[in-house]
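The sequence and model are shown first.

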Amino acid sequence: MMNPQNRGRRFRLALPVFILIAALGLGAVVQWLWNAILPAAANFNTISYWQAVGLFVLCKILFGGFRGGPGQHRHHHKWQKFNRRFGREGREEMLAWKNKWMQMTDEERRRFRQEMRNRWRKPPENM
């Protein structure tokens with residue numbers, strides 16, 4: 001039976017090799033796409049394999065980055081924000097405001113609306 005620590009160590013050693021192989025393979029894809037499309041469409045010169053690999057790495061650095069190592073989720077904070085707004089917590093919060101609104105008298109509602117209009121510098125509402 002394999003020791004879990006050995007499996008993790010093996011994964012950490014294999015990951016850079018896998019990343020290198022993936023980058024080299026994607027370099028071939030970039031070269032093929034560049035040479036198939038851009039010389040005919042925009043009168044660009046064809047590029048070599050290593051130029052394509054360099055272009056791929058440059059684009060990753062400039063546009064995609066190499067952030068987010070193992071176990072890190074890049075967009076986790078966006079989902080948390082979405083769930084706060086539209087998820088369970090957001091619905092409970094909205095229901096609390098709805099209940100509070102329903103319990104207000106007409107005068108309290110009018111004052112609340114006027115206060116919100118004052119805060120957002122809108123002209124008074126004609127009631």
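## Basis and overall fold

Helices (DSSP runs of H or I, at least four residues) and strands (runs of E, at least two) are numbered from the N terminus. By this assignment the chain has 5 helices and 0 strands, and its elements run α-α-α-α-α from the N terminus on.

The model is predicted: local features need pLDDT of at least 70, side-chain atom pairs count only at pLDDT 80 or more, and totals for chains, interfaces and linings use all residues. Residues are numbered from 1 along each chain as its sequence is written, and side-chain values use heavy atoms, with hydrogens and water left out.

## Burial and surface

Residues are classed as buried (under 20% relative accessible area), exposed (over 50%) or partly exposed (in between), with a 1.4 Å probe and protein chains only. Of the 127 residues of the chain, 9% count as buried. Contacts are heavy atoms within 4.5 Å; among those with a separation of 6 or more, 22% join residues 24 or more positions apart.

Accessible areas come from the Shrake-Rupley method with a 1.4 Å probe, and for residues only the protein chains shown count as cover. The chain has an accessible surface of about 11700 Å², of which carbon and sulfur atoms hold 61%. A nonpolar patch on the surface is formed by Leu26, Val29, Trp32, Leu33 and Ile37, together about 490 Å² of accessible area. Such a patch joins nonpolar side chains (Val, Leu, Ile, Met, Phe, Trp, Tyr) within 5 Å, from residues with over 30% relative accessible area and no salt bridge. Leu26 lies in helix α1 (residues 4-42) and is partly exposed at 39% relative accessible area.

A salt bridge places a side-chain nitrogen of Lys or Arg within 4 Å of a carboxyl oxygen of Asp or Glu. By this rule there are 2 salt bridges. Glu107 pairs with Arg110 at 2.7 Å between the closest N and O atoms; the two are 3 residues apart in helix α5, so about one helical turn separates them. Glu107 is partly exposed at 40% relative accessibility, as is Arg110 at 34%. Arg119 and Glu115 meet at 3.4 Å, N to O, and are 4 residues apart in helix α5. Arg119 is exposed at 56%, whereas Glu115 is partly exposed at 37%.

Arg109, in helix α5 (residues 106-119), is buried yet has no salt bridge; Asp106, the nearest side chain of opposite charge, is 4.2 Å away. The side chain of Arg109 does reach the backbone oxygen of Trp101 at 3.1 Å.

How values were computed
Patch = residues over 30% accessible without salt bridge, like charges linked within 9 Å, V, L, I, M, F, W, Y side chains within 5 Å. Lys, Arg positive; Asp, Glu negative; His and termini not counted. Polar contact = N/O pair within 3.5 Å; in protein donor to acceptor, adjacent residues only side chain to side chain.
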